[in-house]
Amino acid sequence: MAIVERNANRLVVEAGGGLSAFSLALDKQAGLARIERNMLMWKRRPLEMPLADIKDFDVATFKDAVSGAELRKLLLRTQADEAIEVPVEEKSVEETAAALRDFLGLAA
């Protein structure tokens with residue numbers, strides 16, 4: 001995942017490309033978060049939510065059933081306790097979570 005835009009009012013992160021892509025835009029002026037996803041070249045309907053609905057960006061650890069390796073995922077947690085996976089390279093999970101939390105002023 002790469003931060004492609006970052007200023008005082010807007011943070012945009014993108015992951016993937018080609019067949020599968022993900023984009024998360026946090027916009028303080030509009031007060032919205034927008035998630036856009038493409039899966040195998042099909043564009044899924046964008047998700048929009050108020051920034052106030054975002055409770056945290058959580059790093060979840062799970063065990064891969066095939067290899068037995070411990071893997072980490074970044075999850076966007078909403079006030080309604082929904083979890084939306086934010087696809088991030090495992091080596092940058094903590095760094096990306098910290099940048100997203102910092103932008104929204106969420107406690108670590």
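**Core, hairpin and side-chain contacts in the predicted model**

Threonine 96 is buried, its relative accessible area being 8% (buried denotes under 20% relative accessible area, exposed over 50% and partly exposed in between, with a 1.4 Å probe and protein chains only). The structure is a predicted model, in which local features need pLDDT of at least 70 and side-chain atom pairs count only at pLDDT 80 or more, whereas totals for chains, interfaces and linings use all residues. Residues are numbered from 1 along each chain as its sequence is written, and side-chain values use heavy atoms, with hydrogens and water left out.

Threonine 96 belongs to helix H1 (helices, H or I with at least four residues, and strands, E with at least two, are DSSP runs numbered from the N terminus). The side chain of threonine 96 reaches the backbone oxygen of serine 92 at 2.8 Å. This is a polar contact, defined as a pair of N or O atoms within 3.5 Å; within protein, one atom must be able to donate a hydrogen and the other to accept it, and residues adjacent in sequence count only if both atoms are side-chain atoms.

The largest nonpolar core contains 22 residues, of which Leu24, Leu26, Ile54, Phe57, Leu74, Leu76 and Leu100 touch the most other members. Such a core is a set of buried Ala, Val, Leu, Ile, Met, Phe, Trp, Tyr and Cys residues joined through side-chain atoms within 4.5 Å. At least two residues of this core are supplied by each of strand S2 (10-17), S3, strand S4 (32-39), strand S7 (54-63), S8, S9 and helix H1 (93-104). Helix H1 provides the largest share, four residues. With residues up to four places away in sequence not counted, leucine 76 touches Leu24, Ile35, Met49, Ile54, Asp56, Phe57, Glu82, Ala83, Ile84 and Val86, a contact being heavy atoms within 4.5 Å.

Serine 23, in strand S3 (residues 20-27), is also buried, at a relative accessible area of 15%. Beyond residues up to four places away in sequence, serine 23 touches Val12, Val13, Glu14, Arg34, Ile35 and Glu36.

Strand S8 (residues 70-78) pairs with S9 in the antiparallel sense over four bridges; pairing requires that DSSP finds at least two bridges between two strands. Strand S9 (residues 83-86) has Ile84 and Val86 on its covered face and Ala83 and Glu85 on the uncovered one. In a regular strand, side chains alternate between the two faces of the sheet. Four residues lie between the strands of this hairpin. Aspartate 81, located in the loop between S8 and S9, is exposed at 56% relative accessibility. The phi of aspartate 81 is near 65 degrees, a positive value in a residue other than glycine. Most residues other than glycine have a negative phi.

Arginine 77 lies in strand S8 and is partly exposed, at 25% relative accessibility. The bridge partner of arginine 77 in S9 is alanine 83. The side chains of arginine 77 and aspartate 58 are joined by a polar contact of 3.2 Å.

Lysine 28 lies over the face of phenylalanine 103, at 4.4 Å from the ring centre, and the charged end of lysine 73 sits over the ring of phenylalanine 62, 4.8 Å from its centre. A charge sits over a ring if NZ of Lys or CZ of Arg is within 6 Å of the ring centre and within 35 degrees of the ring normal.
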